[in-house]
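Please keep the 3D view open as you read.

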Amino acid sequence: STTQILQYREKGLPFGRLAKDILGNSYLVGDIALIDGFEHLLRAHLENLLAVSLAYERILETVRPDRVVSNDSYYGMWAIMEHHCKERRIPFYSHYPVTNNRVAFASDDAAMNLDFSRSWPAFSQLPLREPDGEKLERWLAGNRGYVIDTTRLAGHERDDPALAAIDPRKPTLVLVANVIWDLAALNKQLLFGDMMDWIVQTIDWFGAHGDHQLVIRPHPAETSPQIPRTNETVESAILASGIELPPNVFLLKPDARITLNELLPRFNVAGMVVHTSTVGFEYAARGVRVITTAKSPYRGYGFTEDPATREDYFAAMGRLLCAERKELPGELQELARKFIKFYQFHYYADLGLFAGNPPQIRPDVMTTLESDGGPFGYVINAILDGRPINDVDRWLPES
């Protein structure tokens, strides 16, 4: 049965979940039951992953590598390789290209897990330097160099009539959603069953608290012309849940002609609630109070409110909406800016190999390849030595 497949585990690996994640990602949905013939496809993915796992085990036993370097291992065949390497105590390294010239790296983990926990206690104690201010402001202004920037709709925005119905005086929270099928939101739930369970229950809470209002901002990537159109959207999932939006809850279109920078000053916004969105630390750095509900990479780092239960979450929303002082204290804004610095300029490393958009090999690439210094030399030496990429007292050099 489908339930048995989804729960199938072998040798410590959740093959059923891995098969589900691949299927949902391929069809751009969170609920695989929306896919025609999903039972057959799910079984096919499961069989493929079992075959891949067996092949990997034979390769590792035959070749006996000293190191394994892989694509990002959040799910699929790369997650299986990471598991088998850990079992055999083979140092495993994953990487993922994030921007035109920046790459994320991790050891014995998926690079896009964005796990900074080993380095953050020491890094967060370091003061920001004067030159950091300009770099951080450029990043906050949107100069990020993404290979595909799904937050920009390149003229495909449209007016959203829901904006005219929002009361500019009523205390308001903005709920910022992830893309349902994206790995940034995948399997990150803590307080709720999944992202849509969180959204539906938040809508219910506001339905019972008419003195406040909620604005739901879906991710622009749901309709971005740069990637395949999302087959399951926040709007379609709300409709499928059978819930009706109360009069104090407003669902914007993903292509609404308004940015968060424009939305916040236009209404009486007390703060944001997020699943795992990068908006959570971006707007904390701007002074906005943020409540997290899932395993975001910045949860517990000091500049967001991180409730441990659903009851705590609803109570935190109530406090935030009634608070007199809305702006995040300056020292916490600075902490969020330190997170941005580590995230963008250390963890996402410019190796000095590529430049431009689209990226091209740099003319002086041989200088980088022959040097022990800089991010490239650091990564290569860490792999050769079998050491972590980022540790409690060392991390990728700034770039």
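## Where H3 meets H4

At roughly what angle do the axes of helix H3 and helix H4 cross? The axes of H3 (residues 38-63) and H4 (residues 77-87) cross at roughly 40 degrees and come within 10 Å. Axes here are lines fitted to C-alpha atoms, for helices over the stretch in contact, with angles running from 0 to 180 degrees between N-to-C directions. Helices (H or I, at least four residues) and strands (E, at least two) are DSSP runs numbered from the N terminus. H3 and H4 are therefore oblique to each other; angles under 35 degrees count as roughly parallel, over 145 as roughly antiparallel, 65 to 115 as roughly perpendicular and the rest as oblique.

The crossing of H3 past H4 is right-handed, a term for the near helix being turned clockwise from the far one by less than a right angle, with anticlockwise giving left-handed. On the H3 side the contact (heavy atoms within 4.5 Å) is made by Leu49, Val52, Ser53, Tyr56, Glu57 and Leu60, and on the H4 side by Met77, Ile80, Met81, His84 and Cys85. Sorted by class, the contact of H3 with H4 has eight nonpolar, two polar and one charged residues. In this scheme Ala, Val, Leu, Ile, Met, Phe, Trp, Tyr, Cys and Pro count as nonpolar, Asp, Glu, Lys and Arg as charged, and the others, Gly among them, as polar.

## About the model

This is a predicted model, in which local features need pLDDT of at least 70 and side-chain atom pairs count only at pLDDT 80 or more, while totals for chains, interfaces and linings use all residues. Residues are numbered from 1 along each chain as its sequence is written, and side-chain values use heavy atoms, leaving out hydrogens and water.

## H7 and its cover

Helix H7 (residues 195-207) has 13 residues and spans 19 Å from its first C-alpha to its last, close to the 18 Å expected at 1.5 Å a residue. That expected span is 1.5 Å times one less than the number of residues. Buried residues of H7 are Met195, Met196, Trp198, Ile199, Val200, Thr202, Ile203, Trp205 and Phe206; buried means under 20% relative accessible area, exposed over 50% and partly exposed in between (1.4 Å probe, protein chains only). Their cover includes strands S4 (172-176), S5 (213-217), S6 (249-251) and S7 (269-274), along with helices H8 (234-241) and H11 (310-322).

With H11, H7 has axes that come within 12 Å and cross at roughly 50 degrees. That makes H7 oblique to H11, and H7 passes H11 in a right-handed crossing. From H7, Asp197, Trp198, Gln201, Thr202, Trp205 and Phe206 meet Arg310, Tyr313, Phe314, Met317, Gly318 and Leu321 of H11. The contact of H7 with H11 has seven nonpolar, three polar and two charged residues.

## H6 across H12

The axes of helix H6 (residues 130-140) and helix H12 (residues 330-347) come within 10 Å and cross at roughly 80 degrees, and H6 and H12 are therefore roughly perpendicular to each other. Here Asp132, Gly133, Lys135, Leu136, Glu137, Trp139 and Leu140 in H6 meet Arg337, Ile340, Lys341, Tyr343, Gln344 and Phe345 in H12. By class, this contact of H6 with H12 has six nonpolar, two polar and five charged residues.

Helix H14 (residues 374-385) has twelve residues and reaches 16 Å between its first and last C-alpha, close to the 16 Å expected at 1.5 Å a residue. Pro375, Phe376, Gly377, Tyr378, Val379, Ala382 and Ile383 are its buried residues. Among the elements covering them are strands S1 (68-71), S2 (92-97), S3 (102-107) and S9 (348-350), and helix H13 (365-369). Gly386 follows H14 and has a positive phi, near 70 degrees.

In helix H9 (residues 260-266) you will find Leu263, which is buried at a relative accessible area of 1%. Leaving aside its neighbours within four places in sequence, Leu263 is in contact with Leu163, Val174, Val215, Leu252, Ile258 and Val269.

## Backbone details in the loops

Which residues deserve a look at the backbone? Lys11 is not a glycine, yet has a positive phi of about 55 degrees; Lys11 lies in the loop between helix H1 (2-6) and helix H2 (15-27). Arg89, also other than glycine, has a positive phi near 60 degrees. Arg89 sits in the loop between H4 and S2 and counts as exposed at 78% relative accessibility.

The peptide bond from Asn357 to Pro358 is cis, with omega near 5 degrees. Pro358 is placed in the loop between strand S10 (354-355) and strand S11 (360-361).
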